[in-house]
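Hi there,

Here is the structure I promised to pass on to you. Please open it beside this email, and then read on for what turned up in it.

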Amino acid sequence: MKLLIANRGEIAIRIIRTCRELGITTVVGYCESERDAAYVNMADEAYLLGRDANVFIDSALILDIAKRACVQAVHPGYGFLSESPDFAAAVQAAGMKWIGPDPSVLYALGDKASAREIAARVAVPTVPGIELSQVNATDIETFAAKVGFPVVIKKVDGGGGRGIKVLRDLKQLHEYFQLHDGAVNPVVVEKFLEHARHLETQCVRDAEGNFAVISTRDCSLQRRNQKMLEEAPAFDLPAEINAQLIENSRRLFAAVDYIGVGTCEFLYEDNLYFLEVNPRLQVEHSVSEEVTGLDLVRMQLTVAMGTEIPPIPEVRGHAIEMRITSEDPGAMMMPTTGVVDAVSWPLGLGVRIDTGLCEGDAVTAEFDSMIAKIIVTAENRQQAIVRAQRVLRELKITGIKTPIAMYQAIFTEPDFVNGNFSTRWFEAEFFPQWNPGAGSERNGSDPNTDLPSADFEMQTFTIEIDGKRGTITVPKDLISAQRRHILPAQPLRRSKRLIHEDALQVSDGKVTSPIQALVLKVCTAIGAQVQEGDLLAVLESMKMESYVYAPCAGTVVDVSVADGENVVPGALIARIEELK
């Protein structure tokens, strides 16, 4: 058989490896910047899709390559087109096997309102909420008054944490209405659970209706509704909740005649509530594999070909997955770019590395910031935490900023170690108090990784003092023959709000973006009179909305961006002529 992988990076490599073991020929597409990427070199055949990252969501381009390569099946991986019912239908119409649930299932589960209706039909509890065909100020305000703040608004077609906004009071509600009132995007409004755990079931169901939960997972460590660490199995669950997870998942899969591998997601706060079904392989599938010994990609392929699911092994031990990203903890976890100077992956018992990153690779703003997954497995959760601490000390990535040192700190926090955390713990408790400059080892990462951004570069040297080996990190200017002074260290600018307060830079009245972002909405116009603190624009980067405010009172004399436009770091947003 010949199979097209409609994806890239780590997940493409993951699928290629299983296909090699099964004797399946693999085909990938790539964009110009990834001609020499690891996944391209590993595939049996590779075809140029086009210039930029958008080619991976161009279904016509990908389908054309599938036809040119004469493949019999298409595996979508995760992200990109993996949940597109139209793409899945086009693959099937072209006579190819779609490695995933039927397009009808993708239609039913891809809409949050539809998924809630399916859950209600099979008596699976959902969080109290309402469904609106468009944003309606009156209805949302009435609902908030009924259930109490906070509430969360979700676009029905959102996924992966996108399109979600938590509103904590009337002021935030009115600010949201300013930007979105009357928007035609259908939304679901729910009571926001402040202290919930995010629980999952990794499920499989075959064409004969046989169903199994392979493992449960806890994915509660999150920021901006995006997972950071995942664990299997879910720990310290009452027996009745564990049983409900399995039974509710079985009902959901049967309700839509789901055939394949997928995940049911729930929130647990006193009671268990349905969140959504992910009709694909997930990033965190690795931890379920590690505690069962199963190959879930292999299971996807065999179930898609009509084979019944095999007996599912009992869960053994505990696995923890760390998502390693090119993000800067010293700058509110904003995505960063650069070239990987060196990388040294940790090894040893119970360590798995899933990555497509190599030395010399350029990390750009084109793709998601996840560059690797490190999975540790041990006899129990406490031993897995100790193993993770060891692994993080050994891990070395230089040339880009990563949250390695921040993970080191998390794995020593009593709340995390004891399992006393929820989906809000990282944002509300850990991150606002964490000091990137102290309290965590730096041996396992770029010495610059956790330092505040500055206008100078740092360099690390190995030294010996009285015969004892150590390292020292200093500004490059300190040793430069061309410079005779050291730039002063800049104070770390931090905000306890995860909405990025520093999402603008001001020079001569020009307000520019420091990050790669999407302009969600421009809230001003040329000629507008603004006061200091007035909202100018809303940006989105890595699922986080950034509010850009006027730095001074004055007249807007230039607006250089439009709704829906992508901006690069340094791009001009607006220019204000300050009142004298």
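Pro233 sits in the loop between S12 and helix H9 (239–255). A cis peptide bond, with omega about -5°, links Ala232 to Pro233. Most peptide bonds are trans, and most residues other than glycine have a negative phi. Phe80 has a positive phi of about 50° although it is not a glycine; its place is in the loop between strand S4 (73–75) and helix H4 (85–93). Ala123, also not a glycine, has a positive phi of about 60° and belongs to the loop between helix H6 (112–121) and S6.

A word on the ground rules. This is a predicted model, in which local features need pLDDT of at least 70 and side-chain atom pairs count only at pLDDT 80 or more, while totals for chains, interfaces and linings use all residues. Residues are numbered from 1 along each chain as its sequence is written, and side-chain values use heavy atoms, with hydrogens and water left out.

Now the overall view. The chain holds 15 helices and 34 strands; these are DSSP runs numbered from the N terminus, with helices (H or I) of at least four residues and strands (E) of at least two. Of its 580 residues, 52% count as buried. Buried means under 20% relative accessible area, exposed means over 50%, and partly exposed is in between, using a 1.4 Å probe and protein chains only. Phe80 counts as partly exposed because its relative accessibility is 36%. Among contacts (heavy atoms within 4.5 Å) between residues at least 6 apart in sequence, 65% join residues at least 24 apart.

Next, a sheet to look for. Four strands form an open sheet in the order S6-S9-S7-S8, with antiparallel pairing; two strands pair if DSSP finds at least two bridges between them. Strands S6 (129–132) and S8 (164–167) stand at the edges with a single partner strand each, so one side of each has no neighbour in the sheet. From one strand to the next, the twist averages 20°. Angles run from 0 to 180 degrees between N-to-C directions, and axes are lines fitted to C-alpha atoms, for helices over the stretch in contact. Strand S7 (residues 151–155) is joined to strand S9 (residues 187–191) by 5 bridges, and Val152 has Glu190 of S9 as its bridge partner. Helix H8 (residues 170–180) packs on this sheet, touching S7 and S8, and its direction makes about 145° with that of S8.

Which residues of H8 are buried? They are Leu173, Tyr176, Phe177 and Leu179. These cover an arc of only 165° around the axis, which puts them on the same side of H8; the arc is that of the directions from the helix axis to the C-beta atoms. On the other side of H8, Lys171 and Gln178 are exposed. Asp169 caps the N-terminal end of H8, with a side-chain oxygen 3.2 Å from the backbone nitrogen of Lys171.

S15 and S22 pair in the antiparallel sense over 8 bridges, with Thr325 opposite Met370 in S22. S20 and S22 run antiparallel and are joined by 5 bridges, and Asp354 stands opposite Lys373 in S22. In S22, 9 of the 9 residues are buried, so this strand is largely enclosed by the rest of the structure.

Finally, helix H11 (residues 296–304) is mostly covered, with 7 of its 9 residues buried. Gly306, whose phi is positive and near 100°, follows H11.

Happy exploring!

Definitions and conventions. A polar contact is a pair of N or O atoms within 3.5 Å; within protein, one must be able to donate a hydrogen and the other to accept it, and residues adjacent in sequence count only if both atoms are side-chain atoms.
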